[in-house]
Every structure is written in C-alpha cells, then in structure tokens.
Amino acid sequence: MEVLRLRLVVAVLVLLASSAAAARAPPRIAPLPTAALRRLYDTSNYGKLQLNNGLALTPQMGWNSWNFFACNINETVIRETADALVSTGLATLGYNYVNIDDCWSYVTRGKKGQLLPDPKTFPSGIKALADYVHGKGLKLGIYSDAGVSTCQVRPGSLFHENDDAALFASWGVDYLKYDNCYNLGIKPEKRLQNSYALVMYPPMRDALNSTGRQIFYSLCEWGQDDPALWAGKVGNSWRTTDDIVDTWKSMTDIADKNNKWASYAGPGGWNDPDMLEVGNGGMTSAEYRSHFSIWALMKAPLLIGCDVRNMTSETLEILSNKEVIQVNQDPLGVQGRRILGEGKYGCCEFITMSNLQCNLLSQVWAGPLSENRLVVALWNRCSETANFTIKLPAVGLDGSSAYSVRDLWQKEDELHALPVLDAALKMDSPAPEKKRSERRRHAAVLGSQALEQKSDQTPALSSPPN
Ligand code: GLA
C-alpha cells in the first residue's frame, strides 16, 4: 500500500507564484482525477461565464475598512493600515489589497460632476494614498455603488460609470467594490435572466475595462439576484449574502448560504460570503478559527476586517496561518463544500426567547486541492462534544489506500493517531467549559483574555494527499 506524503508548503507556494504571474492565462479548473471526486465536488457550472480580465486566479486577499471602522475612516487610518500589513508580515503572506469602503467621498460631486474625496478626512486625495500604498508594495481598493448613492449616501456611480472608472484609474486604483444601494429599482430594458443586476453591473465592468488599467471588480449586490448564475462574466467576485455581523450565528448562517453556490466558483471569479470578522471581539478565538478555516476552504476572499494596527497575538496568529492560507490560495481553485452534516436537532439553542435554532452538530466540509490533496474540516457547530468518524469514501477518497494527514492548526502530521487503515478519520471535539453564549459575554467583557478559553469549535483542517 503506497503512503503518499504531503508536499512541502514551500513547493506549493512556488507553484502559486508562477501561476499568478501567468497573466491572462485562461482561468479553468482542471478535471478532478476520479469519478468520486467529480461527483462530490461538482465544478460543472464554472467556466461558462468567465470575465477573464487576468485577475483573481486565486481569491483576493487584503483588508477592508468597513467591518471595524464603518464611516470612521481617514487617510491616516489607511496609511497606518498599510504600514501594519507590512510590519506584521501579513502583506508577505498575501494580504495585498488595502480597500477603502464607503464614506471616503464627499457628499456631493464637484462642479464638473466628478467624485471628490472628502476634504476633511482625505485632504491629500486618493492619488497620494495610492502612491503611498503602492510604495509599500501593496494595492489600493476603492468603493462605489451601482445606484445613485452609496449606502451611506455619498454619490453613487449610476450613469457616471465611464467618468468614475477613468478617475479611479487615473488615481492608480487597483480594486473596486461596487455596492447596490439606491439602485432606483431599475429594471432592465432588455431583461436577461430576470435580473436588474445585469443592467446595473455590466456598465461599470465595461467602463473599468476601457480604462486599460487592471482593476479587480468586486460585485456587492448581496446575493439578491443569485449572482453566481450570471456574475462570472461581469466581475471577479460577487457577494452571495447580506452583510456579515461579528457573531457565531451570522458567520455560520452565511457559510451555509454561500455553500449553495460552490460549483460556480473558480479561478477568475469567486463567491464572496463577505469580509472577515476575525479579531473584532464578537466571537471567541476558537470561533474565529472556525470562521477563518471555513472561509479558506470555501475559497472566499480573505479580506481582513479588523484594526490590524491593534491586533491581539491570537488574531495575528489566526490570520497568519500559512497552511490555511495555502488552502485558500490553492491553484486548483475548487470551492470546498459541506459534505456531511449529522445530528440534526442534536444541538439547539435559543437565539432569542422566541427563536430556537437547531444546528447539524457534526459537519464535514471538504474540497479537493492541487497535487492530489484534499482538505477536510471537521466542524463542531455546537457547544457540546462531537465525535467524528468519517469513512474516507464519504469525502471522495479511495478507502483502500493509505494517506498522510496533517492538522493545519495543530501543525501535526498523523492527526490524533489517525486510524487510516480503517479508512476513517476519527476525532473528538471536546465539550467546552462554558456555553458559547456565556463565552461570548466574557469575550465582550474581558477582551483578549477570554479569547484563550476554548478551542472546541475549531475545525481540524487536514490535507491528506491522494
Ligand atoms: C453595504 C455593503 C457593506 C458595506 C456597506 C457600506 O451594506 O454590503 O459591505 O460596504 O454597504 O455602506
């Protein structure tokens, strides 16, 4: 029986670098090697609708201002964030987009109809900021809206697509997040797939393309018109859900919703379940590890949403897990998905007094990686012990072969004396000392001390080759 070894991380990173450098290589997903894998990890919907602007061969990584700062942004915050991405080593790990969200612009357009940076908060202008960020080896992202106003009632780009795109390009902007507020409920003149978004979003795609500058186009229409069905030919990523909130409930709900569209994601265009909340204080460290693990496995954009200038060491450690990042940035580009969920109604909790929510206790999420590897997350969704036993064929592996396994959080090979000869992965996820809701209150009160409490909800990410 052949035992196949996990490839060295360094070797994979080298592969990644050369793949990212291959400008305009047509994005595609190589066929998976076995029928079992092809059945479980369907990618047949991907590849028909590619924008193919040479970007997003792997999901975008970086930082975005909204989740932590909301409208309290200014050019100093953006500069210091760029500095911090470099000094913490996050930039080297691939977090290279510094994305300004809503509220950067003045409340009205200028005399010539142009967008103006808010003179109080961005007095040096966006070009100066882009120069600064580029000087750090990073890229600058900006935000606008496919309606007449942004969600915070700054000018939107509807009917100004060409001028705004040209302005962004002249500033040296590398990324545009395009939101969906105040869209006037515009219905398409030529209705395509019943989607007004097909009228709202393509004009900005065309405007960006005509600037001649490579600008990542991130659609943010909140999953309203099932963008996975059409956005692949419009943008490089598309939000599939409403906004994330910094709670376990929001994060898990969003993961489940995003899962539905797994077969549509691939190199060049990604499902976007919204930005990371890791480090913002509403979840425990264990819960944030779950969040980060599942986002990585789902090939979601890894856009940090906390204040990277003031992170705890736990936050930095989570965001810096190279091997988990490598799962996200794997060049095969197949979105991992939920394969098994057991224990229905085994785990219920009151979200409010009138709202009882029940979760599937033991979930297995998995996805194929390049070089005959598979990532498997054993995800305990509840506040009680979960015992996992997964037959290898259930995740698409040949049960008669042997595998080497690595736990990407414990950074150990041969996870828990893995009985691979039984063709099963076994792992216990221990009961927490306290209920999650209690821990969350502690987290709010005690801040980073509370983050040390438990590791019970952490999915074990394992990459057995072949
Ligand atoms: C919407 C988007 C968020 C954020 C805000 C800014 O809600 O979904 O991600 O950009 O607008 O106003």
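A residue is taken as buried when its relative accessible area is under 20%, and by this criterion Cys-220, at 2% relative accessibility, is buried. The model in which this residue is described is a predicted one, and the cut-off given above applies to the accessibilities reported below.

The chain has 466 residues, of which buried residues make up 57%. Its secondary structure consists of 13 helices and 20 strands. Among contacts between residues at least 6 apart in sequence, 73% join residues that are at least 24 apart.

A search of the whole structure for disulfides returned two. One of these joins Cys-71 to Cys-103, with a distance of 1.8 Å from S to S. The two cysteines are 32 residues apart and belong to distant parts of the chain, Cys-71 being placed in the loop between helix H3 (66-69) and helix H4 (75-87), and Cys-103 in the loop between strand E3 (97-99) and helix H5 (125-135). The accessibility of the two partners was also computed: Cys-71 is partly exposed, at 30% relative accessibility, whereas Cys-103 is buried, at 3%.

A disulfide is likewise formed by Cys-151 and Cys-181, whose sulfur atoms are 2.1 Å apart. The torsion about this S-S bond is about 95 degrees, and the disulfide is therefore right-handed. Because Cys-151 lies in the loop between strand E4 (139-145) and helix H6 (161-171), while Cys-181 lies in the loop between strand E5 (175-179) and helix H7 (197-200), the pair ties together parts of the chain that are 30 residues apart in sequence. Cys-151 has a relative accessible area of 23% and is partly exposed; Cys-181, at 16% relative accessibility, counts as buried.

For Cys-220, the closest cysteine sulfur is that of Cys-151, and the distance of 7.0 Å between the two sulfur atoms is too far for a bond. A disulfide requires a pair of cysteine sulfur atoms within 2.5 Å. Cys-306 is a further buried cysteine, with a relative accessibility of 1%.

Both Cys-151 and Cys-220 are among the residues that surround the ligand, together with Trp-66, Asp-101, Asp-102, Tyr-143, Gln-152, Lys-177, Asp-179, Trp-222, Arg-239 and Asp-243. This shell divides into five nonpolar, one polar and six charged residues. For Asp-179, the corresponding distance between a side-chain N or O atom and a ligand oxygen is 2.7 Å. Taken alone, the ligand exposes 310 Å², and 94% of this area is buried by the protein.

The packing of helix H5 was examined next. Its buried residues include Gly-125, Ile-126, Leu-129, Ala-130 and Val-133, and the buried residues of this helix pack against H4, E3, E4 and H6. Just after H5, Gly-137 adopts a positive phi of about 80 degrees.

Elsewhere in the chain, His-291 is placed in helix H10, which spans residues 285-297. With a relative accessibility of 0%, His-291 counts as buried. A polar atom of the His-291 side chain lies 2.9 Å from the backbone nitrogen of Glu-277. Lys-260 is found in the loop between helix H9 (248-259) and strand E8 (270-272). The C-alpha atoms of Lys-260 and Arg-338 are separated by 9.2 Å, although these two residues are 78 residues apart along the chain.

Key: Residues are numbered from 1 along each chain as its sequence is written. This is a predicted model: local features need pLDDT of at least 70, side-chain atom pairs count only at pLDDT 80 or more; totals for chains, interfaces and linings use all residues. Side-chain values use heavy atoms; hydrogens and water are left out. Helices (H or I, at least four residues) and strands (E, at least two) are DSSP runs, numbered from the N terminus. Buried means under 20% relative accessible area, exposed over 50%, partly exposed in between (1.4 Å probe, protein chains only). A polar contact is a pair of N or O atoms within 3.5 Å; within protein, one must be able to donate a hydrogen and the other to accept it, and residues adjacent in sequence count only if both atoms are side-chain atoms. A residue is near a molecule or strand if one of its heavy atoms lies within 4 Å of it. Accessible areas come from the Shrake-Rupley method with a 1.4 Å probe; for residues, only the protein chains shown count as cover. Ala, Val, Leu, Ile, Met, Phe, Trp, Tyr, Cys and Pro count as nonpolar, Asp, Glu, Lys and Arg as charged, and the others, Gly among them, as polar. Contact means heavy atoms within 4.5 Å.
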